[in-house]
Amino acid sequence: MTRFEQIAPMLDAQAIEVPSWAYGNSGTRFKVFGSPGTPRTVEEKIADAATVHRFTGLAPTVALHIPWDVVDDFGALRRYAEDLGIGLGTVNSNTFQDDDYKLGALTHTDPRIRQKAIDHHITCIDVMNQTGSRDLKIWLADGTNYPGQGDIRGRQDRLADSLATIYARIGDEQRLVLEYKFFEPAFYHTDVPDWGTSYVQVAALGDKAFVCLDTGHHAPGTNIEFIVAQLLRLGKLGSFDFNSRFYADDDLIVGSADPYQLFRIMYEVIRGGGYGPGSDVAFMLDQCHNVEQKIPGQIRSVLNIQEMTARALLVDSAALVVAQEEGDVLLANEVFMDAFYTDVRRDLAAWRYQRGLPPDPMRAYLDSGYQELKVAERTGGTQAGWS
Ligand code: PSV
Ligand code: MN
């Protein structure tokens with residue numbers, strides 16, 4: 001049995017949630033480009049997400065964003081998704097597109113605005129109850145642009161109060177995950193800038209609250225795999241938002257900027273028990289496809305994660321431990337790099353073939369005619385975007 005055959009069954013456990021917003025138009029503050037065939041409705045976004053799963057077998061759920069994905073009947077939406085072979089996943093709240101939130105949402109000094117933001121999260125929990133979603137993901141735009149603009153200590157206290165009120169509504173089978181981001185849209189300070197702040201806030205809430213780690217939300221040079229190790233050690237790594245960054249919150253295809261970093265992250269996930277049937281860590285993409293086609297962009301993304309997961313599973317951990325304990329620095333590094341440099345693409349193609357999936361999902365998608373069909377069908381209406 002080859003080493004790949006030994007680890008192959010562990011790849012069956014892989015599930016990567018795709019974000020509904022990846023299928024809509026996105027851009028920068030300079031320009032949002034439209035593209036033919038872009039979904040106009042939530043249902044069309046879900047159909048595209050189901051297509052990614054159909055070709056890869058890797059993306060069995062799609063995350064929703066409220067209010068972007070509001071429908072009259074979430075039960076019906078759930079059935080629609082299930083008929084297409086996928087489930088509805090994480091519900092993302094949105095407190096960054098309302099004028100009331102200009103100076104903050106869950107941290108605002110005005111109790112009316114804080115309550116409005118809390119109520120929005122309670123609406124999101126209602127949605128989760130109808131969709132069967134497990135996770136409420138909170139990412140806050142709250143922060144300040146200028147020193148002295150706000151009382152950063154008071155904002156932390158109000159955040160804790162607001163989160164506690166929301167958390168009280170989280171069901172027994174549900175979780176709250178709090179995402180951190182060190183800047184943008186606020187530039188001087190954000191109220192949840194780092195894993196430590198997120199950890200402190202969720203630890204105060206209780207067992208159903210966790211940290212969400214978005215790989216694009218760190219300063220350049222940050223050792224993200226160390227954060228992974230630390231959060232797993234603390235039992236508080238709830239979920240990932242995967243993407244790549246070169247400079248800021250670039251939201252590029254995961255694994256495109258630095259596949260080695262993705263490998264190191266997946267290694268620590270596996271090392272810390274965050275991967276496989278025994279783990280509750282959720283793996284999600286949080287990406288935008290501004291200039292490339294969206295469905296192929298998502299297919300490439302989930303395949304990149306699978307590829308680096310396979311390589312990370314290939315690390316000979318027994319040999320690694322021996323080298324580490326013997327203080328053999330170079331051998332330990334060599335064992336690690338051996339796995340990273342292993343080309344698993346042919347093995348993965350065979351793995352897919354054995355499971356009735358196309359060996360080359362990207363080629364199969366491009367040859368399927370789905371894109372051309374949707375371009376022809378989706379005329380008129382308004383293409384989906386960040387609204
Ligand atoms: C904004 O930075 C952001 O990309 C966060 O990462 C959220 O997860 C995402 O938007 C969706 O709200
Ligand atoms: Mn994110």
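How far does a polar side-chain atom of His 217 lie from an oxygen atom of ligand 1? The distance is 3.2 Å. The legends below start with that ligand.

This is a predicted model, in which local features need pLDDT of at least 70, side-chain atom pairs count only at pLDDT 80 or more, and totals for chains, interfaces and linings use all residues. Residues are numbered from 1 along each chain as its sequence is written, chains are lettered from A and ligands numbered from 1 in the order in which they are written, and side-chain values use heavy atoms, with hydrogens and water left out.

**View 1. Ligand 1 and the residues around it.** Asp 286 places a polar side-chain atom 2.7 Å from an oxygen atom of ligand 1. For Lys 181, a side-chain N or O atom is 2.8 Å from a ligand oxygen. Taken alone, ligand 1 exposes 310 Å², and the protein buries 90% of that. Accessible areas come from the Shrake-Rupley method with a 1.4 Å probe; for residues, only the protein chains shown count as cover.

**View 2. The manganese ion (ligand 2).** Glu 179 (OE), Asp 214 (OD), Asp 241 (OD) and Asp 286 (OD) are its protein donors, 2.1 to 2.2 Å away. Donors are N, O and S atoms within 2.8 Å of the metal (3.2 Å for Na, K and Ca); water is not among the atoms, so sites may look incomplete. The site has six donor atoms, and angles among them run from 73 to 164 degrees, which makes it irregular. The donor residues follow the spacing E-x34-D-x26-D-x44-D in sequence. Glu 179 sits in strand 6 (residues 175-179), whereas Asp 286 is in the loop between strand 10 (282-285) and helix 9 (294-313), 107 residues apart. Helices (H or I, at least four residues) and strands (E, at least two) are DSSP runs, numbered from the N terminus. Glu 179 is buried at 3% relative accessible area. Asp 286 is buried too, at 10%. Buried means under 20% relative accessible area, exposed over 50%, partly exposed in between (1.4 Å probe, protein chains only).

**View 3. Glu 44 and Arg 378.** The structure holds 23 salt bridges, each a side-chain nitrogen of Lys or Arg within 4 Å of a carboxyl oxygen of Asp or Glu. Glu 44 pairs with Arg 378, with closest N and O atoms 3.7 Å apart. Glu 44 lies in helix 2 (residues 42-56) and Arg 378 in the segment after helix 14 (370-377), so the bridge ties together parts 334 residues apart in sequence. Both residues are buried. A salt-bridge network links Arg 40, Glu 44, Asp 48 and Arg 378.

**View 4. Lys 374 and Glu 377.** This salt bridge brings N and O atoms to 3.0 Å. The residues are three apart in helix 14, so about one helical turn separates them. Lys 374 is buried at 14% relative accessible area. Glu 377 is partly exposed at 43%.

Notes
Tetrahedral: all angles 85-135°; square planar, octahedral: opposite > 155°, others 65-115°. Polar contact = N/O pair within 3.5 Å; in protein donor to acceptor, adjacent residues only side chain to side chain.
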